[in-house]
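Okay, hi everyone, thanks for coming.

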Amino acid sequence: MEYENIYNTISEILSSVKGNYNVLEEQIDIDLQTEYFEYSKNYESTKTEEEILENRNDIFAKDIDKEEKKNRFVELASIESVVAYRTIEKYLRKPETSYLKDWATLAFQESRMLIESKLLDENQIFISTGLGGKDGKLRYFIVFLSKNNRFSELEQKIITDELLYQLKKAGSELEEIEFYKRYSSILAIVPLHVSVKKLFEDIIDDCNQFGDFINKDFIITNVRKLSFEEVENHLSKD
């Protein structure tokens, strides 16, 4: 089983740090997220808040290149200013490229948390994964493997019904399910307090009461959706 144990990590963070948490809902490549947060942490602006706000509309200018706009977004996100926040929000209504849209989205979230921390006088915890989330919950990509190299129509129905029932009971949501010859791919939204590993182990156990047809080992990740080729490559190694 390939399991990225974010549940335990997040549980430790939430229990040790007091404050509200925010989940990034957008699906943004994890490498770009890492680039943004490293960039933001290391960027040192010599400008005053007044100068940053004076130049805020540079993010809309056509004659300013991508690298300079990245600086501008990070600068706007670094100050406790509703004007800066609204400027980034305005940009996101009509972004130029998908890259700058994602970059601006991360700056927008950072700006909002900075303002909320000041207004509420409370730490704001930002949780982001490649697959994003929804309503404070995280999105996961899961793969169930067939023991018989194929899921019959009846087995497909059992899996779907059990997923819908168990996920709803756990305050979770089934967003997508697809069946291939040897496996099923699932996209689900799960609350932070729910142990994802145990949830899907229980679902497999319940399905297997009707014929022991799902492998107990399964794939789960919150980094990104795996392609058909990636899943097949994983199966070929088993």
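Predicted model: local features only at pLDDT ≥ 70, side-chain atom pairs only at ≥ 80, totals over all residues.

How many aromatic pairs does a search of the whole structure find? The count comes out at 15. Let me pick out a couple of those.

Take F151 and F179. Their ring centres are 6.2 Å apart and the planes sit at 80° to each other, which makes the pair edge-to-face. What I like here is where the two partners come from. F151 is in the loop between β5 (137–145) and α7 (153–169), while F179 belongs to strand β6 (residues 173–179), so this pair links distant parts of the chain, 28 residues apart.

Now move along to Y180 and F228. Here the centres are 5.5 Å apart with the planes at 50°, so this pair is tilted. Again we're linking distant parts of the chain: Y180 is in the loop between β6 and β7 (183–190), F228 is in helix α9 (residues 228–237), and they are 48 residues apart. As for accessibility, Y180 comes in at 28% and counts as partly exposed. F228 is partly exposed too, at 39%.

There's also a group of rings to look for. Which residues make up the aromatic cluster? They are Y36, F37, Y39, Y43, Y99 and W103, and together they form one cluster.

We get another lysine over a ring with K90, which lies over the face of F60 at 5.3 Å from the ring centre.

Okay, helices. Look at α4 (residues 66–77) and α5 (residues 82–92): their axes come within 9 Å and cross at roughly 140°. With that angle, α4 is oblique to α5. For the handedness, the crossing of these two, α4 and α5, is left-handed. And who actually touches whom? On the α4 side the contact uses F73, L76 and A77, and on the α5 side A84, T87, I88 and Y91.

That's my tour, so over to you for questions.

Conventions:
Residues numbered from 1 in each chain as written. Heavy atoms only, no water. Phe/Tyr/Trp six-rings, centres within 6.5 Å; stacked < 30°, edge-to-face > 60°. Helix = DSSP H or I, 4+ residues; strand = E, 2+ residues; numbered from the N terminus. Buried < 20%, exposed > 50% of the residue type's maximum accessible area, 1.4 Å probe, protein only. Lys NZ or Arg CZ within 6 Å of the ring centre and 35° of its normal. Axes fitted to C-alpha atoms, helices over the stretch in contact; angles between N-to-C directions. Parallel < 35°, antiparallel > 145°, perpendicular 65-115°, else oblique. Left-handed = near helix turned anticlockwise from the far one by under 90°. Contact = heavy atoms within 4.5 Å.
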